[in-house]
Amino acid sequence: MRILLVEDDRELSGTIKLQLEQAGYETDCCGQGQEAFYYASEYPYDVIILDRMLPQMDGLSVLQGLRRMDITTPVIITTALDGVNDRIDGLDAGADDYLVKPYAAGELLARIRAVTRRPGRLEQGRAKTFSNITMDTDRRELAGPSGTVSLSRREAALMEYLMRNAGQVLPRGLILSYIWGPDSEVEDGNLDNYIYFLRRRLKAVGTAAQIKTVHGIGYRLEDGGGHD
(Lines give C-alpha, C1' and ligand atoms only; values in the text may rest on other atoms or scores of the structure.)
Protein backbone atom coordinates (compact mmCIF):
# COMPACT_ATOMS: atom_id res chain seq x y z
CA MET A 1 0.00 0.00 0.00
CA ARG A 2 1.27 3.45 -0.90
CA ILE A 3 0.55 6.58 1.15
CA LEU A 4 1.00 10.28 0.46
CA LEU A 5 1.86 12.13 3.68
CA VAL A 6 1.29 15.89 3.49
CA GLU A 7 2.77 17.68 6.51
CA ASP A 8 4.66 20.99 6.58
CA ASP A 9 6.40 20.30 9.90
CA ARG A 10 9.53 18.52 8.68
CA GLU A 11 10.39 16.92 12.01
CA LEU A 12 6.85 15.61 12.47
CA SER A 13 6.74 14.45 8.85
CA GLY A 14 9.96 12.48 9.31
CA THR A 15 8.65 10.84 12.46
CA ILE A 16 5.33 9.85 10.89
CA LYS A 17 7.03 8.60 7.71
CA LEU A 18 9.25 6.32 9.79
CA GLN A 19 6.25 4.96 11.70
CA LEU A 20 4.32 4.32 8.49
CA GLU A 21 7.25 2.57 6.84
CA GLN A 22 7.81 0.44 9.94
CA ALA A 23 4.17 -0.61 9.59
CA GLY A 24 4.86 -1.70 6.01
CA TYR A 25 3.50 1.29 4.06
CA GLU A 26 5.45 2.88 1.22
CA THR A 27 5.30 6.61 1.96
CA ASP A 28 5.90 9.73 -0.11
CA CYS A 29 6.10 13.09 1.67
CA CYS A 30 5.54 16.72 0.76
CA GLY A 31 4.94 19.88 2.76
CA GLN A 32 3.17 22.40 0.52
CA GLY A 33 -0.38 22.53 -0.76
CA GLN A 34 0.36 22.93 -4.47
CA GLU A 35 2.94 20.17 -4.32
CA ALA A 36 0.43 17.92 -2.54
CA PHE A 37 -2.20 18.61 -5.19
CA TYR A 38 0.28 17.74 -7.93
CA TYR A 39 1.35 14.44 -6.34
CA ALA A 40 -2.20 13.40 -5.46
CA SER A 41 -3.56 14.19 -8.91
CA GLU A 42 -0.67 12.68 -10.89
CA TYR A 43 0.14 9.52 -8.93
CA PRO A 44 -2.25 6.84 -7.65
CA TYR A 45 -2.13 6.53 -3.86
CA ASP A 46 -4.08 4.21 -1.58
CA VAL A 47 -4.45 6.79 1.22
CA ILE A 48 -3.63 10.49 1.60
CA ILE A 49 -2.84 11.90 5.05
CA LEU A 50 -3.44 15.62 4.59
CA ASP A 51 -2.53 18.42 7.00
CA ARG A 52 -5.20 21.11 6.97
CA MET A 53 -2.90 24.12 7.48
CA LEU A 54 -0.40 24.22 4.59
CA PRO A 55 1.65 26.89 2.79
CA GLN A 56 0.58 28.01 -0.72
CA MET A 57 -2.72 26.10 -0.70
CA ASP A 58 -4.57 24.93 2.41
CA GLY A 59 -5.52 21.30 2.90
CA LEU A 60 -9.25 21.78 2.36
CA SER A 61 -8.61 23.47 -0.99
CA VAL A 62 -6.35 20.59 -2.00
CA LEU A 63 -9.05 18.10 -1.01
CA GLN A 64 -11.85 19.96 -2.77
CA GLY A 65 -9.75 20.17 -5.94
CA LEU A 66 -9.09 16.43 -5.89
CA ARG A 67 -12.75 15.60 -5.40
CA ARG A 68 -13.72 17.89 -8.29
CA MET A 69 -11.38 15.78 -10.43
CA ASP A 70 -13.23 12.65 -9.26
CA ILE A 71 -10.17 11.41 -7.40
CA THR A 72 -11.71 9.21 -4.71
CA THR A 73 -8.55 8.23 -2.81
CA PRO A 74 -9.36 7.99 0.93
CA VAL A 75 -8.18 11.16 2.70
CA ILE A 76 -7.51 11.58 6.41
CA ILE A 77 -7.34 15.25 7.44
CA THR A 78 -4.94 16.01 10.30
CA THR A 79 -5.10 19.31 12.16
CA ALA A 80 -4.80 21.08 15.49
CA LEU A 81 -8.25 22.62 14.89
CA ASP A 82 -10.58 20.49 16.98
CA GLY A 83 -13.84 22.46 16.97
CA VAL A 84 -17.02 20.75 15.82
CA ASN A 85 -17.38 23.17 12.89
CA ASP A 86 -13.78 22.49 11.86
CA ARG A 87 -14.49 18.76 11.71
CA ILE A 88 -17.71 19.36 9.81
CA ASP A 89 -15.87 21.56 7.28
CA GLY A 90 -13.28 18.84 6.72
CA LEU A 91 -15.82 16.08 6.23
CA ASP A 92 -18.01 18.24 4.00
CA ALA A 93 -14.97 19.01 1.82
CA GLY A 94 -14.69 15.30 1.07
CA ALA A 95 -12.48 13.88 3.84
CA ASP A 96 -13.01 10.27 4.87
CA ASP A 97 -11.73 10.86 8.40
CA TYR A 98 -10.50 13.67 10.63
CA LEU A 99 -7.66 13.28 13.14
CA VAL A 100 -6.80 15.96 15.70
CA LYS A 101 -3.17 16.67 16.59
CA PRO A 102 -1.36 15.52 18.56
CA TYR A 103 -2.26 11.90 17.88
CA ALA A 104 -0.68 8.53 18.65
CA ALA A 105 0.88 6.51 15.84
CA GLY A 106 -1.37 3.58 16.74
CA GLU A 107 -4.48 5.67 16.21
CA LEU A 108 -3.29 6.89 12.80
CA LEU A 109 -2.57 3.32 11.72
CA ALA A 110 -6.02 2.24 12.92
CA ARG A 111 -7.66 5.07 10.95
CA ILE A 112 -5.74 4.00 7.83
CA ARG A 113 -6.97 0.44 8.25
CA ALA A 114 -10.51 1.71 8.75
CA VAL A 115 -10.71 3.90 5.63
CA THR A 116 -9.17 1.19 3.44
CA ARG A 117 -11.74 -1.36 4.62
CA ARG A 118 -14.71 0.69 3.50
CA PRO A 119 -16.79 -0.56 0.55
CA GLY A 120 -16.01 1.09 -2.76
CA ARG A 121 -12.40 1.74 -1.80
CA LEU A 122 -9.50 -0.66 -1.80
CA GLU A 123 -11.53 -3.82 -1.32
CA GLN A 124 -12.89 -3.42 -4.82
CA GLY A 125 -9.40 -2.92 -6.17
CA ARG A 126 -7.72 -6.06 -4.82
CA ALA A 127 -8.40 -8.04 -8.03
CA LYS A 128 -7.35 -6.33 -11.24
CA THR A 129 -8.50 -7.73 -14.59
CA PHE A 130 -7.41 -6.97 -18.14
CA SER A 131 -7.89 -9.06 -21.27
CA ASN A 132 -7.70 -12.68 -20.02
CA ILE A 133 -5.46 -12.03 -17.01
CA THR A 134 -6.33 -11.29 -13.41
CA MET A 135 -4.00 -10.11 -10.67
CA ASP A 136 -4.67 -10.65 -6.99
CA THR A 137 -2.90 -7.65 -5.46
CA ASP A 138 -3.03 -9.07 -1.92
CA ARG A 139 -1.41 -12.38 -2.87
CA ARG A 140 0.70 -10.79 -5.63
CA GLU A 141 -0.41 -13.49 -8.07
CA LEU A 142 -1.00 -13.14 -11.81
CA ALA A 143 -3.40 -15.63 -13.38
CA GLY A 144 -4.07 -16.40 -17.06
CA PRO A 145 -5.22 -19.23 -19.34
CA SER A 146 -2.11 -21.34 -18.68
CA GLY A 147 -1.90 -20.94 -14.92
CA THR A 148 -0.78 -18.64 -12.13
CA VAL A 149 2.58 -17.10 -11.25
CA SER A 150 3.78 -15.25 -8.18
CA LEU A 151 5.18 -11.72 -8.47
CA SER A 152 7.73 -9.86 -6.40
CA ARG A 153 6.58 -6.73 -4.60
CA ARG A 154 7.90 -4.39 -7.31
CA GLU A 155 6.67 -6.64 -10.11
CA ALA A 156 3.21 -6.57 -8.56
CA ALA A 157 3.26 -2.79 -8.15
CA LEU A 158 4.35 -2.31 -11.76
CA MET A 159 1.83 -4.84 -13.12
CA GLU A 160 -1.00 -3.24 -11.15
CA TYR A 161 -0.04 0.21 -12.44
CA LEU A 162 0.04 -1.02 -16.04
CA MET A 163 -3.31 -2.78 -15.64
CA ARG A 164 -4.88 0.24 -14.00
CA ASN A 165 -3.82 2.32 -17.02
CA ALA A 166 -4.19 -0.36 -19.72
CA GLY A 167 -4.14 1.02 -23.25
CA GLN A 168 -2.43 4.24 -22.17
CA VAL A 169 1.19 5.13 -22.87
CA LEU A 170 2.94 5.59 -19.53
CA PRO A 171 6.13 7.70 -19.72
CA ARG A 172 9.21 6.15 -18.18
CA GLY A 173 9.61 8.99 -15.68
CA LEU A 174 6.04 8.59 -14.46
CA ILE A 175 6.49 4.85 -13.95
CA LEU A 176 9.77 5.34 -12.11
CA SER A 177 8.17 7.96 -9.83
CA TYR A 178 5.25 5.70 -9.00
CA ILE A 179 7.16 2.47 -8.42
CA TRP A 180 10.30 3.81 -6.77
CA GLY A 181 9.08 7.17 -5.45
CA PRO A 182 9.34 10.71 -6.85
CA ASP A 183 12.63 11.43 -5.05
CA SER A 184 14.32 8.14 -5.92
CA GLU A 185 17.59 8.13 -7.86
CA VAL A 186 16.97 4.66 -9.32
CA GLU A 187 18.53 4.02 -12.73
CA ASP A 188 16.41 3.62 -15.86
CA GLY A 189 17.85 0.15 -16.35
CA ASN A 190 15.95 -1.10 -13.31
CA LEU A 191 12.67 -0.35 -15.05
CA ASP A 192 13.80 -2.19 -18.19
CA ASN A 193 14.69 -5.21 -16.05
CA TYR A 194 11.27 -5.31 -14.42
CA ILE A 195 9.50 -4.91 -17.77
CA TYR A 196 11.51 -7.92 -18.96
CA PHE A 197 10.49 -9.89 -15.88
CA LEU A 198 6.81 -9.05 -16.38
CA ARG A 199 6.91 -10.03 -20.04
CA ARG A 200 8.17 -13.42 -18.97
CA ARG A 201 5.36 -13.69 -16.41
CA LEU A 202 2.76 -12.81 -19.05
CA LYS A 203 4.18 -15.45 -21.37
CA ALA A 204 4.12 -18.01 -18.56
CA VAL A 205 0.38 -17.54 -17.91
CA GLY A 206 -0.43 -17.83 -21.62
CA THR A 207 -2.04 -14.47 -22.23
CA ALA A 208 -2.30 -12.43 -25.42
CA ALA A 209 -1.82 -9.27 -23.37
CA GLN A 210 1.62 -7.76 -23.71
CA ILE A 211 3.68 -4.79 -22.66
CA LYS A 212 4.59 -2.73 -25.72
CA THR A 213 7.56 -0.41 -25.87
CA VAL A 214 6.72 3.07 -27.13
CA HIS A 215 10.19 4.14 -28.19
CA GLY A 216 11.41 7.37 -26.70
CA ILE A 217 8.42 7.59 -24.35
CA GLY A 218 7.64 4.56 -22.23
CA TYR A 219 5.39 1.49 -22.13
CA ARG A 220 1.78 0.48 -22.76
CA LEU A 221 -0.14 -2.65 -21.73
CA GLU A 222 -2.31 -3.85 -24.59
CA ASP A 223 -4.28 -6.89 -25.70
CA GLY A 224 -2.77 -8.92 -28.55
CA GLY A 225 -0.70 -7.70 -31.48
CA GLY A 226 2.90 -8.35 -32.42
CA HIS A 227 5.84 -8.72 -30.06
CA ASP A 228 8.69 -6.27 -29.55
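Modeller: Gladly. Buried means under 20% relative accessible area, exposed means over 50%, and partly exposed lies in between. Keep in mind that this is a predicted model.

Biologist: Then is cysteine 29 exposed, partly exposed or buried?

Modeller: Its relative accessibility is 24%, so cysteine 29 counts as partly exposed. Cysteine 30, at 6%, counts as buried.

Biologist: How many disulfides does a search of the whole structure find?

Modeller: A disulfide needs two cysteine sulfur atoms within 2.5 Å. The search finds zero. The cysteine sulfur nearest to that of cysteine 29 belongs to cysteine 30, 7.8 Å away, which is too far for a bond.

Biologist: And what surrounds threonine 27?

Modeller: Threonine 27 sits in strand β2 (residues 26-30) and counts as buried, because its relative accessibility is 5%. Its side chain reaches the backbone oxygen of tyrosine 25 at 3.2 Å. Beyond its neighbours within four places in sequence, threonine 27 touches Ile3, Leu5, Lys17, Leu20 and Glu21.

Biologist: Which residues have the most contacts inside the largest nonpolar core?

Modeller: Think of a core as buried nonpolar residues joined through their side-chain atoms. The largest one here has 28 residues, and Ile133 and Met159 have the most contacts inside it. Among the elements that give two or more residues to this core are β7 (133-136) and α8 (188-204), while α6 gives the most, with seven residues. Apart from it lies another core of 21 residues, including Cys30, Ala40, Tyr45 and Leu60.

Definitions and conventions. Residues numbered from 1 in each chain as written. Predicted model: local features only at pLDDT ≥ 70, side-chain atom pairs only at ≥ 80, totals over all residues. Heavy atoms only, no water. Core = buried A, V, L, I, M, F, W, Y, C linked by side-chain atoms within 4.5 Å. Buried < 20%, exposed > 50% of the residue type's maximum accessible area, 1.4 Å probe, protein only. Helix = DSSP H or I, 4+ residues; strand = E, 2+ residues; numbered from the N terminus. Polar contact = N/O pair within 3.5 Å; in protein donor to acceptor, adjacent residues only side chain to side chain. Contact = heavy atoms within 4.5 Å.
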